[in-house]
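I am opening my notebook on a new structure today. I will look things up one by one and write down what I find.

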Amino acid sequence: MDLSDSPDEARFRTRIRDWLTETLPTLPWPEPARLEDKREFWSVWQRTLFDAGFAGLSWPVEFGGAGADAKIKAIFNEEMDRAAAPERLNIIGEDFAGPTIVAFGDDAQKQRYLEPILTGEEIWCQLFSEPESGSDLASLRTKATKAEGGWRIQGQKIWTSRAQIADNAILLARTGGGDRHKGITYFLLPMSSQGVTVRPLAHMLGEAEFNEVFLDDVFLPDEAVVGAVDGGWKVAMGTLAFERVGIATGRVNTTRAVSDLITQVKQKTDEQGAVLSGKSDVRQRIADLYGRALTHYLIGQRVITSAASGEPPGPVTSIGKLYFCPLVEDIADFGLEIAELGGQFGLADDPDSADRDQQRWLRLAYQARGTAIAGGSTFIQRNIAAERVLGMPRS
């Protein structure tokens with residue numbers, strides 16, 4: 001595992017840092033708060049990244065990417081976070097759907113879908129989870145029935161991030177019987193298709209990032225199938241592997257989050273006027289979080305180093321996710337205490353009443369709980385680590 005930047009990596013870090021310093025002030029700030037209002041702002045930002053050659057860094061050059069390895073992409077994410085650059089609304093498109101189409105799609109699918117992902121013209125969502133079929137993905141009940149020239153889809157999906165602004169979706173549906181893993185097919189679904197209904201679900205902050213999606217006799221042509229009919233489980237595992245790499249290496253920069261905590265405790269005082277950084281219990285908690293954040297960074301570097309050498313994502317991504325999720329929860333909860341919210345989420349009714357720090361830790365606390373489910377729940381990750389790392393039996 002190599003923790004240092006190579007000469008080429010150091011040059012790239014300087015290049016992206018300088019570019020961000022020059023480019024961010026030119027964006028049409030302020031960034032809208034509501035998800036539904038962010039589309040235009042984000043499209044400008046994504047097109048700016050694309051024109052500069054920073055969209056789809058890890059995609060092959062022939063599909064519009066830069067052909068960069070995982071270490072370059074990690075440096076890009078670190079510098080984006082350091083510069084407080086806008087979030088990417090199309091993570092599912094650029095990090096999950098796009099690489100899956102590159103790996104498993106046919107030429108027509110690559111021609112149709114890949115470039116609009118990178119340019120910001122089309123946003124994607126992921127229609128995998130269902131009511132009573134979340135962590136046990138193979139138990140999904142959405143059904144695809146063969147019809148002339150294609151398939152008729154009937155079912156319901158849930159916890160679909162950003163479906164209300166998505167143009168397309170990656171969809172799993174059952175097409176066969178027998179072994180439940182062998183009877184699933186992977187589809188590409190235009191969200192404008194007749195019979196698709198999206199119903200937003202408000203989360204604990206009162207916002208609707210998740211959605212229910214109802215599929216009522218939706219027609220998809222045969223060309224919408226990715227890979228083989230009844231062979232969608234293999235394709236889905238490829239998608240989830242891309243997702244777990246992202247989570248294991250950190251959707252949240254934990255070392256920066258802890259650094260922000262340190263800044264806050266140096267500025268905050270208790271009721272008696274004593275600076276929090278001088279209190280032994282606060283210092284112990286900060287030290288614990290800092291050490292854990294550093295450990296998580298090292299786990300992420302192990303994943304990145306393996307990926308950069310061409311190795312497929314392995315069970316270490318599950319270990320990274322298991323370590324990451326409770327760490328972010330603890331960081332956010334401590335941030336809430338420092339911000340004098342004490343973990344009370346009552347501000348969901350009026351999130352604008354919280355100051356900037358309060359809003360940030362509230363959102364991070366919410367995100368941490370959701371990430372514990374995304375990409376396979378904690379229980380699934382424990383099973384993967386037990387079976388594939390420790391060699392424990394299934395029974």
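**Entry 1: a lysine in a strand**

I started with Lys-157, which lies in strand S3, residues 150–157. This is a predicted model, so I keep in mind that I am reading a prediction. Is Lys-157 buried or exposed? Its relative accessibility is 0%. The cut-off for buried is under 20%, so Lys-157 counts as buried. Next I asked what its side chain reaches. I found the backbone oxygen of Phe-128, at 3.2 Å.

**Entry 2: aromatic pairs**

I turned to the rings. In general, a pair of aromatic rings is described by the distance of the centres and the angle of the planes. How many aromatic pairs are there? The count comes to nine. I looked up one of them, Tyr-113 with Trp-124. Their centres are 5.3 Å apart, and the planes make an angle of 75°. Planes over 60 degrees apart count as edge-to-face, so this pair is edge-to-face.

Where do the two residues lie? Tyr-113 is in helix H5 (residues 107–119), and Trp-124 is in strand S1 (residues 124–127). The pair therefore ties together parts that are 11 residues apart in sequence. I checked burial too. Tyr-113 has a relative accessible area of 12% and is buried. Trp-124 is also buried, with a value of 1%.

I then noted an aromatic cluster. Its members are Phe-12, Trp-19, Trp-45, Phe-54 and Phe-76.

**Entry 3: charges over rings**

I looked for charged side chains over rings. Lys-146 lies over the face of Trp-151, and the distance to the ring centre is 5.3 Å. I also wrote down Arg-199. Its charged end sits over the ring of Phe-214, 4.5 Å from the centre.

I began with a reminder. Most residues other than glycine have a negative phi, and most peptide bonds are trans. Then I listed what departs from this here.

- The peptide bond from Trp-29 to Pro-30 is cis, with omega near 0°. I placed Pro-30 in the loop between helix H1 (7–23) and helix H2 (38–51).
- Ala-84 has a positive phi, near 55°, and is not a glycine. I found Ala-84 in the loop between helix H3 (70–82) and helix H4 (91–104).
- Arg-162 is not a glycine either, yet its phi is positive at about 60°. Arg-162 sits in the loop between S3 and strand S4 (168–174). I checked its accessible area: at 12%, Arg-162 is buried.

I picked Leu-140, in the loop between S1 and strand S2 (143–147). Leu-140 counts as buried, at 1% relative accessibility. How many residues separate Leu-140 from Ile-184 in sequence? They are 44 residues apart in the chain. In space, C-alpha to C-alpha, I read 8.7 Å.

Last, I looked up the second largest pocket. It holds about 290 Å³ of space. Helix H8 (280–308) and helix H9 (316–338) are the elements that give two or more residues to its lining. The lining has 13 residues. Which of them lie nearest the pocket centre? I noted Asp-270, Leu-276, Val-282, Glu-337 and Ile-338.

Methods:
Residues numbered from 1 in each chain as written. Predicted model: local features only at pLDDT ≥ 70, side-chain atom pairs only at ≥ 80, totals over all residues. Heavy atoms only, no water. Phe/Tyr/Trp six-rings, centres within 6.5 Å; stacked < 30°, edge-to-face > 60°. Helix = DSSP H or I, 4+ residues; strand = E, 2+ residues; numbered from the N terminus. Buried < 20%, exposed > 50% of the residue type's maximum accessible area, 1.4 Å probe, protein only. Lys NZ or Arg CZ within 6 Å of the ring centre and 35° of its normal. 1 Å grid on protein atoms, 1.4 Å probe; cavity = no way out; pocket = protein on both sides within 12 Å on 5 of 7 lines; lining within 4 Å. Points joined across faces, edges and corners; volume = space filled by probe spheres on them. Polar contact = N/O pair within 3.5 Å; in protein donor to acceptor, adjacent residues only side chain to side chain.
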